[in-house]
Amino acid sequence: MELIFLNPVFKEMIWGGNKLRQFGYDIPGDDTGECWAISAHPNGDCLIKGGEFDGKSLSWLYENHPELFGNPKNDRFPLLIKIIDAKDDLSIQVHPNDEYAKKNENGSLGKTECWYILDCEPGTKIVIGHNAKDHAEVEDMITNSRWKEFIREIPVHKGDFFQIDPGTLHAIKGGTLILETQQNSDITYRVYDYDRLQNGKPRQLHIRQSIDVIKAPFTESKEKPVVSDLGDCVITRFVKCPYYTVEKLELKNGSISFDMEDPYINMSVVEGSGKINDVSIKKGDHFIIPSSYGEYVLEGNMTIIRSFVD
Ligand code: ZN
């Protein structure tokens, strides 16, 4: 049984930059906003790098070799893991839940997502939530363009983590580099785009759907990360929700071994380098540890974001 390494898919965006080069990627331009690192979505289906399944797509592997994924109940690969480099502010958005998306978006999944802040420039802020007291005020603030009052901005720092449930208004601003773990869905409702123009025209907004799905009042998540200091490795569990568990592993010139307990595990090396068993890995590598892989030993000086579904 071998690890499944993936070739990322890159997306140029009007707000994108060139920081993804720091991960060793050959990006298509200086406006590269997204690296779809572990994805089986039709808009960016990663191809397998090396090994028995070299050149096959992740969606193909999931369909044809379900045993590598613990014979899962999900009909499609459930997660999508991206690195996002925002040189400019992203539009302010909200996502529907599964129920709303299924009914209104051709059976698509809704979207719960979360952000690990890989880096940000000093003084950067992030949009999470809004200041309307109830749903009627959400509608009033949006339809009357009361954006300054409506949008809730807070300071952001490297290493912060945000869980973004459906119905939560959110956006990253210029100068922010994140790793996003999300449900495998592309359904986004754009509420406000700072009145910017693309090719002379404003980008499409989804006002009706946004008002439908924004939750009010906004309540901040009270979940605190759970930190386990194991000496050679510090493990921080950021979130465990019905869609995923996301953890950070920080190895400090040491090693740690794990027994596979979960059907499969998504791994993204975001800093440093080292080894998994006898395979060298480094910043920018993304791979899946398949089901029944058994014991794996990590060693080196590196930070990994690991995610899995129950
Ligand atoms: Zn989003």
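Which domains does the domain assignment of the protein chain give?

1. The assignment gives domain 1 (4-213) and domain 2 (226-308), with bounds that come from an automatic or database domain assignment. The model is a predicted one, in which local features need pLDDT of at least 70 and side-chain atom pairs count only at pLDDT 80 or more, whereas totals for chains, interfaces and linings use all residues. Residues are numbered from 1 along each chain as its sequence is written, and side-chain values use heavy atoms, with hydrogens and water left out.

2. The centres of domain 1 and domain 2, taken over C-alpha atoms, are separated by 23 Å, and 34 residues of domain 1 are in contact with 26 residues of domain 2 (contact means heavy atoms within 4.5 Å). Between them the domains bury about 2,500 Å², 68% of it on carbon and sulfur atoms, where buried area is the accessible area (1.4 Å probe) that two parts lose on being put together, summed over both. On the domain 1 side, Ile4, Phe5 and Tyr116 lose the most area to domain 2, together 21% of what that side buries.

3. The zinc ion has as protein donors His95 (NE2), Glu113 (OE), Glu113 (OE) and His170 (NE2), at 2.0 to 2.6 Å; donors are N, O and S atoms within 2.8 Å of the metal (3.2 Å for Na, K and Ca), and water is not among the atoms, so the site may look incomplete.

4. Along the chain, the zinc donors follow the spacing H-x17-E-x56-H. Glutamate 113 lies in strand β9 (residues 113-120) and histidine 170 in strand β13 (residues 170-172), so the pair ties together parts that are 57 residues apart in sequence (strands are DSSP runs of E, at least two residues, numbered from the N terminus). Both glutamate 113 and histidine 170 are buried, meaning under 20% relative accessible area with a 1.4 Å probe, protein chains only.

5. Strand β21 (residues 286-289) runs antiparallel to β1 (residues 4-7), joined by two bridges, and antiparallel to β19 (residues 265-276), joined by four; strands pair if DSSP finds at least two bridges between them. Phenylalanine 287 is the bridge partner of phenylalanine 5 and also of methionine 267.

Technical notes. Buried means under 20% relative accessible area, exposed over 50%, partly exposed in between (1.4 Å probe, protein chains only).
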